[in-house]
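Me: I have a model open and want to talk through its fold. Can we start with how contacts are counted?

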Amino acid sequence: MPGIYIHIPYCHKACHYCNFHFSTNLKTINSTVEAICHEAGLVASEFSQVHFVTLYIGGGTPSLLHPGQLKKILHSVRENFRLTSQETTLEANPEDLLPEKLEEWLGLGIDRLSIGIQTFDEQFLRQFNRNHTSQQAFDALKQARRAGFLKYNVDLIFGFPGQSMDQWLSDLHRAIDLQPQHLSVYSLTREEGTAFDYMVRRRMIQEADEGLMAEMFFAARELLTSTGYQQYEISNYALPGYHALHNSNYWKGEPYIGLGPSAHSYTGTHRRWNISNNALYEKSLANGEKWYEEELLTPEIHFNELVITGIRTIWGIDMDRCLNLLRDEQKDQWLKKVDQLIEKNQLKKEKNHIILHPDYLFISDRIAIELMV
Ligand code: SF4
């Protein structure tokens with residue numbers, strides 16, 4: 001089920017832990033919007049035979065766009081691609097969820113919001129330079145429901161420096177009380193070059209230790225699954241019927257195209273990534289120059305990507321699809337490794353899929369490395 005991703009590279013403020021591509025100089029939004037529409041027109045012919053079914057507008061903070069800018073992008077995408085959207089998601093930050101905006105988004109066909117709350121704790125919000133207050137987070141979800149959104153995701157982060165288990169459980173309870181159909185729960189990771197990284201290296205703050213992170217991960221799983229949410233990916237929980245279609249397609253290795261600075265595309269044979277610089281991206285498009293780099297996926301790269309994404313989900317790794325990518329001499333070796341991990345109860349086999357035992361989800365990356373070629 002192919003999808004379209006659009007990257008809006010602008011934010012009100014830079015959160016201290018974030019290494020996504022974004023700019024806080026909002027003066028150039030209009031020209032970036034124009035460039036994204038231009039890119040849609042240029043790549044459309046490559047994908048004229050593809051029927052897209054999901055649209056995801058992420059970033060950055062796409063909710064800061066004026067409805068007119070959003071309308072322009074959506075119009076261009078719908079005009080250039082065969083899109084019968086089963087899910088149109090907008091990433092939104094709480095401070096942007098105002099009644100008039102919500103109404104306009106619904107009018108533009110957006111039927112799912114992914115709301116970056118991260119924490120309800122005022123101290124951590126301030127410490128990590130978030131642009132909203134705890135009260136705005138509560139209000140945002142209430143407004144979304146009142147406006148008529150039937151599907152919304154809440155993003156939460158655990159493992160803030162000094163965060164106790166009680167504080168984390170309190171965040172989870174507050175989120176659950178607001179009845180989102182979907183929750184994404186991420187551990188705070190220290191990305192190189194971020195303010196958080198700088199503060200840790202200068203010993204201004206201390207990262208949470210791995211043991212506590214693991215306890216927080218499992219506490220979230222216990223609480224959310226006992227409240228009716230299904231953990232269908234390492235960091236993602238949904239009420240029955242509310243899995244995120246667009247992101248599930250990534251994890252299932254389905255193709256997608258990405259538009260906008262830094263956006264990635266995957267065609268099934270190639271991976272492409274756009275320039276991560278707004279001005280250069282715009283200039284390249286305007287001058288008729290290449291605005292992306294591209295690599296042909298070797299069978300090994302393709303195989304490893306299927307392993308690393310599949311292992312994170314309840315659907316697991318499609319063995320037939322993986323084995324088709326291996327040379328004969330690699331196949332036996334790989335199957336032997338799979339059997340060893342099944343014997344250790346780290347993996348189980350269901351039909352032609354191998355699925356990670358939920359107790360090992362927290363170390364899924366380590367097990368994925370064992371399964372890579
Ligand atoms: S709002 Fe999101 S994308 Fe922007 S800096 Fe914060 S975490 Fe990063």
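Reply: A contact here means heavy atoms within 4.5 Å. Keep in mind that this is a predicted model.

Me: OK. What share of the contacts between residues at least 6 apart in sequence join residues at least 24 apart?

Reply: In this protein, 70% of them do.

Me: And the secondary structure, how many helices and strands?

Reply: There are 14 helices and 15 strands.

Me: What radius of gyration does it have, against what a compact globule would have?

Reply: The protein has 21 Å, and a compact globule of 373 residues would come out near 21 Å, so the two agree. Along the principal axes, the C-alpha atoms fill a box of roughly 55 × 50 × 45 Å.

Me: How much of it is buried?

Reply: 51% of the 373 residues count as buried.

Me: Switching to strand E4. How many of its residues are buried?

Reply: Seven of the seven, over residues 112-118. Arg112, Ser114, Gly116 and Gln118 point one way, while Leu113, Ile115 and Ile117 point the other way, and all are buried.

Me: Which strands is E4 joined to, and is the pairing parallel or antiparallel?

Reply: Strand E3 (residues 82-92) runs parallel to E4, with four bridges between them. Strand E5 (residues 152-158) is also parallel to E4, through five bridges.

Me: What about the three-stranded sheet, what order does it have?

Reply: The order is E13-E15-E14, an open sheet with antiparallel pairing. Strands E13 (317-318) and E14 (347-350) stand at the edges with a single partner strand each, so one side of each has no neighbour in the sheet.

Me: How many bridges join E13 to E15?

Reply: Two, and the strands run antiparallel, E15 being residues 353-356. His353 in E15 is the bridge partner of Asp318.

Me: Last one, Asn287. Where does it lie?

Reply: In the loop between helix H10 (278-286) and strand E12 (292-296).

Me: Why does Asn287 count as partly exposed?

Reply: Because its relative accessible area is 46%, and partly exposed covers values between the buried limit, under 20%, and the exposed one, over 50%.

Me: How far is Asn287 from Ser364?

Reply: They are 44 Å apart in space, C-alpha to C-alpha, and 77 residues apart in sequence.

How values were computed. Residues numbered from 1 in each chain as written. Predicted model: local features only at pLDDT ≥ 70, side-chain atom pairs only at ≥ 80, totals over all residues. Heavy atoms only, no water. Rg over C-alpha atoms; globule rule 2.2 N^0.38 Å. Buried < 20%, exposed > 50% of the residue type's maximum accessible area, 1.4 Å probe, protein only. Pairing = 2+ DSSP bridges.
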